[in-house]
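Let me put the structure up on the screen, and then we'll walk through a couple of parts together.

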Amino acid sequence: MSLVDELKSAVTPRAALLVVGVFALQLLFITSYVGALHNPKPSDVPFGVVAPERVATALVGELEELPGDPLDPRTVAGADEARDKIMNREIDGALIVNPASRTDTLLVASGGGTVLSSALEKIFTQVEAAQQREVRTVDVAPASPQDFDGLSAFYLVVGWCVGGYICAAILAISAGSRPANRDRAVIRLGVLALYSALGGLGGAIIVGPILGALPGSVAALWGLGTLVVFAVGAATLALQSVFGIVGIGLAILLVVVLGNPSAGGAFPAPMLPPFWKAIGPALPPGAGTWAARSIAYFKGNDMTASMLVLSAWAVVGTAVTLVLSSMKRKPESEPIAAEVGEPRA
């Protein structure tokens, strides 16, 4: 057999296409991560200003004119309201101007991302110095001392996401990427649900009681983790039902290549470029990271949108998997799951 024949035998057209797909995925991975994270800077950060009316109007105008548009300032009635808005995650910080003193107060929330709170401190140190004033910083939602740079919530969610798509992939490739019938699809989804509950609990216990990395309710983190794992797993099963083994690659594209750098983990959303800032909240890593930080540092506030996003992934993934498993398929090169030991015609 010639070398060409050996090559054709060793590398089938289907395998060659999969290798090309992996190569494209690799380049997209590099592009996505470097593109999102290589030059972080604050942009349109929701920010409150507490000051007498005339001073507030002038200061908001000044902050709107800062180079690079780092802030999206708005007036807030008082210091207590500013704190409430930060805890409700409506704004990321606030400046409380004291006309009777030369020192103003900057409110930040490092629990939402220490990099962002540090960036706000830097901005207002310069702004206040230009006015020959000083600023003192008060952290109203401080990150745990065991939560370096506020990254624990992000890594926790990444772990849950990885578990979700790997579990779904194993369930698929162990007996064909497409379930042979509806009953098998239900079994796969049932196994995924059990795995999700165990994975959610395990992650919550590790970051909470064992490592002390995140404060907040272990039960709430358990519930969130169960939903994150199941949402990613169900989406992966659905993609496999539609595209076969290629669906695993598409799941990695959505969750890892696009989802992780846009999740607001290493750098919170206001510090990401527009594309990643826009897609992050709609993907499981971003929705999960936001919700985990809300549980840990913001008394569970402002989680509705994130939970709806995760629920949508779970529901749509489940529905697509069940619907496609109920449809009769034409014979194709990629086998669907068959009974173990089932005799061949």
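So, let's begin with two helices: α8, residues 218-243, and α12, residues 304-326, which pack at an angle of about 35° with their axes 7 Å apart. Keep in mind that this is a predicted model. Why do I give you an angle and a distance? Because those two values, taken between the axes, are how a pair of packed helices is described. The crossing of α8 past α12 is left-handed.

Now, who touches whom? On the α8 side you'll find, among others, Leu224, Leu227, Phe230 and Ala234, and they're part of a set that meets residues of α12 including Met307, Leu310, Trp313 and Gly317. If you sort the α8 and α12 contact by class, you get 16 nonpolar residues, five polar ones and no charged ones.

Okay, over to the sheet. Five strands make it up, and it's open, with mixed pairing and the order β2-β1-β3-β4-β5. Which strands stand at the edges? That's β2, at 71-75, and β5, at 134-139; each has a single partner strand, so one side of each has no neighbour in the sheet. Going from one strand to the next, the twist averages 25°.

Let's zoom in on β2 and its partner. Strand β1, residues 45-50, pairs with β2 in the parallel sense, over five bridges.

Methods. Residues are numbered from 1 along each chain as its sequence is written. This is a predicted model: local features need pLDDT of at least 70, side-chain atom pairs count only at pLDDT 80 or more; totals for chains, interfaces and linings use all residues. Side-chain values use heavy atoms; hydrogens and water are left out. Two strands pair if DSSP finds at least two bridges between them. Helices (H or I, at least four residues) and strands (E, at least two) are DSSP runs, numbered from the N terminus. Axes are lines fitted to C-alpha atoms, for helices over the stretch in contact, and angles run from 0 to 180 degrees between N-to-C directions. A crossing is left-handed if the near helix is turned anticlockwise from the far one by less than a right angle, and right-handed if clockwise. Contact means heavy atoms within 4.5 Å. Ala, Val, Leu, Ile, Met, Phe, Trp, Tyr, Cys and Pro count as nonpolar, Asp, Glu, Lys and Arg as charged, and the others, Gly among them, as polar.
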